[in-house]
Structure formats: structure tokens, C-alpha cells
Amino acid sequence: MKTGARCKAVVAAALLGLLLLSGCAPKGEQMIEIRLGEVARTVFYAPQYVALSQGMFAQEGLDVQLATIPGGDKAMTALLSNQADIALIGAETSIYVYQQGAEDPVINFAQLTQKDGTFLFARQTQDNFDWEKLKKQNFLGQRKGGMPQMSLEFSLRKHGIDPHQDLKLIQNIDFANVASAFGSGTGDYVQLFEPQASIFEKAGRGRVVASIGVESGELPYTVYMAKQSYLNTNAATAQKFTNAVYQAQHWIATHSPEQIAEAITPYFKDTDLAILTSSIERYKEQGTYALNPIIEEKEWQNLQDIMASAGELKSPVALDKLVNTSFAQQAISADSAGNSDSSAKASKTEATGAGTDTGGPP
């Protein structure tokens with residue numbers, strides 16, 4: 001997109017946000033502030049940016065203050081130390097806290113993504129990729145115990161590759177610096193989220209050869225979570241938050257990659273619109289974005305299978321110990337009821353109109 005056209009798109013999105021914010025909360029009601037910590041700034045979280053840019057949080061009377069806290073361990077620390085009210089992190093972090101015997105456990109209440117969002121990226125372009133080509137290669141990995149690394153290891157083992165024996169695994173680089181380290185020449189292979197994978201492809205630094213999300217299957221990869229004590233005292237706020245998330249998920253499902261890219265542009269001002277669009281298209285094609293906020297039993301089990309494969313699960317944790325689906329279920333029920341009411345009103349209007357003599361031809 002030309003610079004002038006893109007500027008217009010950004011301005012339009014900003015104006016829309018201001019218009020929505022101006023009429024968001026009912027008269028006499030004060031906006032409720034929520035400190036939200038995200039583990040990364042990535043197109044992988046597109047539904048969240050849609051909820052922000054399209055005013056869905058605001059329409060629920062929420063003033064969401066977003067902060068990017070790179071790394072699941074750091075984001076969880078912010079949540080536990082009350083520097084954040086809600087965090088968007090991998091669900092595995094809540095299990096780690098639980099395994100440590102937390103008196104105030106962290107509860108997963110709304111799922112945003114249902115697959116791993118990373119792609120296997122090769123520095124040298126290959127016409128026909130074969131997983132065997134990874135053996136003896138320098139692989140720039142992620143943090144031990146983090147979901148990207150565990151999903152990678154799970155996928156590698158599916159293809160008969162031992163990640164710690166068959167690869168020259170590099171894991172001494174901080175999560176926030178992995179992409180820049182690869183860009184500087186470290187490693188033959190790396191995992192990349194979008195839009196970084198597309199940016200590197202466009203720059204001729206290699207190409208995507210496989211999807212870790214497709215390989216590892218559906219799981220609660222990134223989830224909104226809060227401490228049990230917060231949910232106990234702020235249940236209404238958590239419900240409003242989940243309502244907005246579900247509305248954004250529906251919006252994502254019913255809009256094109258081009259429309260989504262324009263909506264989230266304010267959060268990726270330095271990224272070309274075409275890159276945003278292709279990144280979103282790649283995620284949508286493989287079913288990365290969750291269609292609703294409910295964390296299902298089979299997804300929870302797959303998560304624990306992946307953790308167990310990586311040697312990070314002390315013992316299985318039942319879904320109801322760390323997952324509360326009531327907010328998600330209520331959001332879906334309320335939306336269904338609202339749609340039914342709208343349909344009923346439309347039908348009634350049509351019926352009334354059909355029986356009215358307008359004085360025109362028969």
C-alpha cells in the first residue's frame with residue numbers, strides 16, 4: 001500500500017477508536033481500568049488488537065491499559081506481583097505456578113489462540129524440506145520450559161528427531177532477542193512468530209519450511225489468565241473482558257485478512273500492510289485463532305502431553321483446577337441471546353411491513 005493510503009487507514013482507525021470510546025460506557029458509569037500484560041507484540045494476537053481498535057473493550061466499559069512484557073516468565077511475574085490484573089500468556093505458566101504450591105493459583109478464563117503461532121524458518125532456502133535436514137544443524141531455540149520450545153520439541157520427536165541429541169541447540173538468548181540474533185547470523189534454523197517470519201522472507205533471509213502449529217495440534221497456546229483472588233472480587237469485570245474477546249473472535253472469523261490488517265495497523269506502525277495481511281492469512285488458513293474463548297478438555301490434555309514430552313510436567317492437572325469456562329460460556333450465551341432478539345425483531349418488522357397498506361401497486 002502506498003504511504004499516503006496507509007496513513008489514511010491509520011488515521012481512520014484512530015478516529016474510529018475515538019468515536020467508540022466517546023460513547024462506550026453508560027451514562028453515569030466510570031470506565032473500569034484493566035492492566036493487561038501481553039507476552040509479545042505479534043500478529044498472533046490479532047483478535048486482541050481488534051478488540052482494542054474496534055472499541056469492543058470500550059463498549060463493555062473497560063479501559064484496557066496494554067503493556068508488552070517479553071517472555072512468559074516475566075509476564076507471569078508481573079501478574080503474581082500485582083503489576084498486571086490480567087495476562088495473556090501460555091497456559092503452561094499457570095501449571096508451573098500450581099506445581100509450586102501457590103495458595104492463590106492463576107486461573108485460565110479465556111482462550112485467544114488454539115495453536116502454536118511459530119513457524120520453522122530455514123536460513124538456506126530449500127525446494128523440498130525434510131525434517132532430517134535439521135540434524136547436526138545449529139538451531140536457535142527458545143527458553144527451556146516455554147511453550148514455543150516445548151511445541152518444537154514435541155514436533156521434532158514426531159519426526160524421529162531428538163532435539164537435545166540431534167541438534168546443536170542454542171538456548172542462551174533471551175526471548176525478545178531471538179529474531180534479531182538470527183537476523184545477525186546466529187543459527188541455521190529458528191522458530192519465528194508472524195509478522196517476523198514474513199519480514200525475514202521478504203528480506204531474503206530464508207523462508208518458512210514448516211508450521212509448528214500444524215505439527216503440535218490444538219491446545220490453549222495463549223490464554224487470558226488472572227489470579228483466583230482477582231476473579232473472585234472482579235467477576236463482573238472479567239465477564240465484560242471475556243465478552244469483548246468473544247466479539248473480537250467473531251469479528252476475526254467474519255472479516256478478510258485485508259480488513260483485519262487495517263484494523264490492527266495502529267499496533268504495527270512499522271510493519272508494511274501487505275506483510276500484516278499475508279501474516280494474518282497464514283494464521284487464518286491453519287486455524288490458529290480460537291473461534292471462542294472456551295478451553296476444551298482435549299486441548300488441555302494435549303498441552304499436558306506436550307509438557308510431559310518435554311519433561312516439564314510433574315503430574316497431570318485436572319481441567320477444573322486451573323480453568324474456569326463460566327465466563328466464556330456466559331459470553332457465548334449472551335451473544336446468542338442477543339442475536340436471537342435481533343432476528344425476532346427483524347422478523348416482527350418484516351411481518352408488520354407485509355401487512356401494511358402503503359397505497360402502492362398490489
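Because the model is predicted, local features need pLDDT of at least 70 and side-chain atom pairs count only at pLDDT 80 or more, while totals for chains, interfaces and linings use all residues. Residues are numbered from 1 along each chain as its sequence is written, and side-chain values use heavy atoms, with hydrogens and water left out.

The overall picture comes first. The secondary structure comprises 16 helices and 10 strands; helices (H or I, at least four residues) and strands (E, at least two) are DSSP runs, numbered from the N terminus. Of the 362 residues, 50% count as buried. Here, buried means under 20% relative accessible area, exposed means over 50%, and partly exposed lies in between, with a 1.4 Å probe and protein chains only. The protein exposes about 16,500 Å², and carbon and sulfur atoms supply 50% of that area. Accessible areas come from the Shrake-Rupley method with a 1.4 Å probe, and for residues only the protein chains shown count as cover. Among the contacts with a separation of 6 or more, 83% are between residues 24 or more positions apart.

The buried residues are E92, T93, S94, I95, Y96, V97 and Q99. Just after α5, G101 takes a positive phi of about 80°.

The salt bridges come next. Side chains of opposite charge can pair when their charged atoms come close. A salt bridge is defined as a side-chain nitrogen of Lys or Arg within 4 Å of a carboxyl oxygen of Asp or Glu, and by this rule the count comes to 11. One of them joins K135 and E132, with 3.2 Å from N to O. K135 is partly exposed, with a relative accessible area of 29%, and E132 is also partly exposed, at 42%.

Another salt bridge joins R157 to E153, whose closest N and O atoms are 3.7 Å apart. Because R157 and E153 are four residues apart in helix α6 (residues 147-158), they are separated by about one helical turn. R157 counts as partly exposed at 33% relative accessibility, whereas E153 counts as buried at 5%.

A further salt bridge brings together the side chains of R282 and E194, at 2.6 Å from N to O. This pair links distant parts of the chain, with R282 in helix α13 and E194 in the loop between β8 and α8, 88 residues apart. R282 is partly exposed, at 23% relative accessibility, while E194 is buried, with a relative accessible area of 1%. Salt bridges that share partners join E194, E201 and R282 into one network.

The peptide bond from E194 to P195 is cis, with omega near 10°. P195 is found in the loop between β8 (189-193) and α8 (196-202).

Two other loops hold residues with positive phi values. N82 has a positive phi of about 65° although it is not a glycine. Its place is in the loop between α4 (72-80) and β3 (86-89), and N82 is partly exposed, with a relative accessible area of 45%. K136, another residue other than glycine, has a positive phi near 70°. K136 is found in the loop between β5 (118-122) and β6 (138-140), and it is exposed, with a relative accessible area of 57%.

Finally, the surface carries a patch of negative charge, where E258, E262, E281 and E285 gather. Patches are made of residues with over 30% relative accessible area and no salt bridge; like charges are joined within 9 Å, and nonpolar side chains (Val, Leu, Ile, Met, Phe, Trp, Tyr) within 5 Å. Asp and Glu count as negative and Lys and Arg as positive, while His and the chain ends are not counted. The place of a charge is taken as NZ of Lys, CZ of Arg, CG of Asp or CD of Glu. Helices α12 (257-264) and α13 (273-285) each supply at least two residues of the negative patch. E262 sits in helix α12 and is partly exposed, with a relative accessible area of 36%.

Note on methods: Contact means heavy atoms within 4.5 Å.
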